[in-house]
Structure formats: structure tokens, C-alpha cells
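Biologist: Could you walk me through how the helices pack here, and where the main pocket sits?

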Amino acid sequence: MNSDARLVKIIADMAIFLEFSDEESLDPDIAVGMMERIAAELQLLSLDDKMKVANAFDLISKEYQGDHAIYIKELPESLGLI
């Protein structure tokens, strides 16, 4: 896995943590705020870089199972990359 894909995997793992943690483990408002900050930073990328990141999420989604895989596959749209 190249360094770009590894960085996207880190974002994917963080997004899964924020999305799937229960309310006892993580305040939902904090989770939403962090996802909004991640999305805002990623939206600053060039169009070409946004497409690379979106494609990397698609490839990385295959490393997950069930709801996590679906969530990561849909993440580019949720983050405003596509």
C-alpha cells in the first residue's frame, strides 16, 4: 500500500470510529464536528486530488466487511469529494 492509500486508510479508520462508536464512548456532537472538519479539509484539495482520494476510498472499502465496507465506499460522496 503506497503512502497516499495509507493516509486514506487512516481517514477511513477514523471515520468508522466516529460513525460507529456508541454514545457512551463518544459524544455524537463531537463525532459530527470532527467529520465536518475532515470534510472541510478534504474539500480544499484540487479536483484531481479529490478524485484520487475518492478512488482510494473505493479500493480501501474492499478491506472492510459489512456496514463498514458500505460506509467507506459511500464516504467520498458524504465528504463532498464527488
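Predicted model: local features only at pLDDT ≥ 70, side-chain atom pairs only at ≥ 80, totals over all residues.

Biologist: Which helices each supply at least two residues of the lining of the largest pocket?

Modeller: The lining includes D4, L7 and I11, along with D49, K52 and A56. Helix α1 covers 3-20 and α3 covers 47-60. Helices that each give at least two lining residues: α1 and α3.

Biologist: How do the residues of that lining divide by class, and what is the volume of the largest pocket?

Modeller: By class, the lining has seven nonpolar, two polar and three charged residues. As for the volume of the largest pocket, the value is about 220 Å³.

Biologist: How are α1 and α2 oriented to each other?

Modeller: Helix α2 spans residues 28-42, and its axis lies 9 Å from that of α1. The angle between the two is about 155 degrees, and angles over 145 count as roughly antiparallel. So the orientation of α1 and α2 is roughly antiparallel.

Biologist: What about α1 and α4: is the crossing left-handed or right-handed?

Modeller: Helix α4 (residues 66-78) packs on α1 at about 115 degrees, with the axes 10 Å apart. In α1, A12, A15, I16, E19 and F20 meet D67, H68, Y71, I72 and L75 of α4. The crossing of this pair is right-handed.

Definitions and conventions. Residues numbered from 1 in each chain as written. Heavy atoms only, no water. 1 Å grid on protein atoms, 1.4 Å probe; cavity = no way out; pocket = protein on both sides within 12 Å on 5 of 7 lines; lining within 4 Å. Points joined across faces, edges and corners; volume = space filled by probe spheres on them. Helix = DSSP H or I, 4+ residues; strand = E, 2+ residues; numbered from the N terminus. Nonpolar A, V, L, I, M, F, W, Y, C, P; charged D, E, K, R; others polar. Axes fitted to C-alpha atoms, helices over the stretch in contact; angles between N-to-C directions. Parallel < 35°, antiparallel > 145°, perpendicular 65-115°, else oblique. Left-handed = near helix turned anticlockwise from the far one by under 90°. Contact = heavy atoms within 4.5 Å.
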